[in-house]
Amino acid sequence: MKPIFYILICLLFFSCKQEDSKPLDTSTENKTTSNGINVKTETLLQTIFQKQLVANGKISALEKSELRFQTSEAIKEINVVNGQKVAKGELLVSLENSLLKNQLEKAKIDVEKAKNQLRQEKINYGIRANQKVSPTVLKSLQIKSGLLEAQNALENAEIQYNQTILKAPFSGVIANLEKRQGDFITSSDVFCTIINPNTLEVSFSVLENEFGFVSKGQKIEIQSFTDKDKQFKGVITEINPIVDKNGLIKIKAKVTSKKTGLLDGINVKVFINKPLEGVIVIPKEALVLRTNRVVVFTYENGLAKWNYVELAGENSTSYAIKKGLKISDTLIVSGNLNLSHDAKVNATFVNDDTTQK
């Protein structure tokens, strides 16, 4: 039995040795290493970086007015519809005012009659045509002829008549018009709202720790949620010097772009830019996260180099780098998701479209 046991042990030993001596199949790894990973690169430059703060805001019209009548009566005629553009002074709507119109015409006639009586009183007083008269005498004759009383009645009739019509206080667009011809309207009812779409402002809030980032007169950019391809300009006009219970500071800015198409009450994004000089700027796609740290890969002699960096700021497209990179480094801007330190890469330079290996 012992010889058989020793023979089995020897066979097992030689079998393991031959198994260990077999070379590993590294064809896949060698193939990847030899071919390299295709990446795009660009040379780092020092430039001005627009540090960016993003906030949600709401558009409102600077010229916006709810139009009401000062009297109560049935609506006679409506000359506008919602969305219609109107000019300043244009007649929008009128109430039933036949009686007041008649009183106005009568008051005009009474004024003309009083003027004729004034001319007669001047003749009776001995005043010739074109003769200068003292203000005291003239006023006495105007009272005696009934002219002042007639003029006062005419003014009163005009006021009452004008209370039955509404005209546009400024050029704009009609909104919130819900009344119809024949409806009875009172002085407490709003007939419509008129908005000037060319004088807009945006209201938004920033956190109290962002207060130092904003200032009066600072330029901003505005973007609608419905059309992200368009951006409009604005300038901060007002900063409320109080922090509310939510830790927010309210800010207002005037929209300086014309014909924006933005509607009163629409929600927008507000971008506040502040330039940082003398920093290295990289595109966002150049940065990756590894072990919860931000990493940027650079290109050096055909190899990818791993660099930990510290950020100085961020905007919608770029990062500003405070530490970890230097001017003239060659930055890998694409193909970096699966890179490792010292991985072999095939670099296509974005700057001049040449290829190095």
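## A buried alanine

Ala253 has a relative accessibility of 0% and therefore counts as buried. In this predicted model, Ala253 belongs to strand β14.

Leaving aside residues up to four places away in sequence, Ala253 touches Glu201, Val202, Phe204, Ile220, Val235, Ile236 and Thr237. A further relation involves Ser203: the C-alpha atoms of Ala253 and Ser203 are 6.6 Å apart, while 50 residues separate the two in sequence.

## The chain as a whole

The protein chain has 357 residues, and 34% of them are buried. Five helices and 23 strands are found in the chain.

Taking contacts between residues at least 6 apart in sequence, 73% join residues at least 24 apart. The accessible surface of the chain is about 23,000 Å², and carbon and sulfur atoms account for 51% of that area.

## Nonpolar cores

The largest nonpolar core consists of 25 residues. Within this core, Val202, Phe204, Ile220 and Ile272 have the most contacts. At least two residues of the core come from each of the strands β2 (46-61), β11 (200-207), β12 (219-224), β13 (231-239), β14 (248-255) and β15 (267-283). Apart from this core lies another, made up of 17 residues, including Phe69, Ile75, Leu95 and Ile174.

Val202 can be followed through its own contacts, again without residues up to four places away in sequence. Val202 touches Gly57, Lys58 and Ile59, as well as Ile220 and Ile222. The list of residues touched by Val202 also holds Ile251, Lys252, Ala253, Val255, Val268 and Val270. Two of the residues named above for their contacts inside the core, Phe204 and Ile220, are also touched by Ala253.

## The largest pocket

The largest pocket has a volume of about 360 Å³. Its lining is formed by 18 residues, and those nearest the centre of the pocket are Val173, Ile195, Asn196, Pro197 and Asn198.

The largest share of the lining comes from β8, with four residues. By residue class, the lining of the largest pocket holds nine nonpolar, six polar and three charged residues.

How values were computed:
Residues numbered from 1 in each chain as written. Predicted model: local features only at pLDDT ≥ 70, side-chain atom pairs only at ≥ 80, totals over all residues. Heavy atoms only, no water. 1 Å grid on protein atoms, 1.4 Å probe; cavity = no way out; pocket = protein on both sides within 12 Å on 5 of 7 lines; lining within 4 Å. Points joined across faces, edges and corners; volume = space filled by probe spheres on them. Nonpolar A, V, L, I, M, F, W, Y, C, P; charged D, E, K, R; others polar. Buried < 20%, exposed > 50% of the residue type's maximum accessible area, 1.4 Å probe, protein only. Contact = heavy atoms within 4.5 Å. Areas by Shrake-Rupley, 256 points an atom, 1.4 Å probe, with all protein chains shown as cover. Core = buried A, V, L, I, M, F, W, Y, C linked by side-chain atoms within 4.5 Å.
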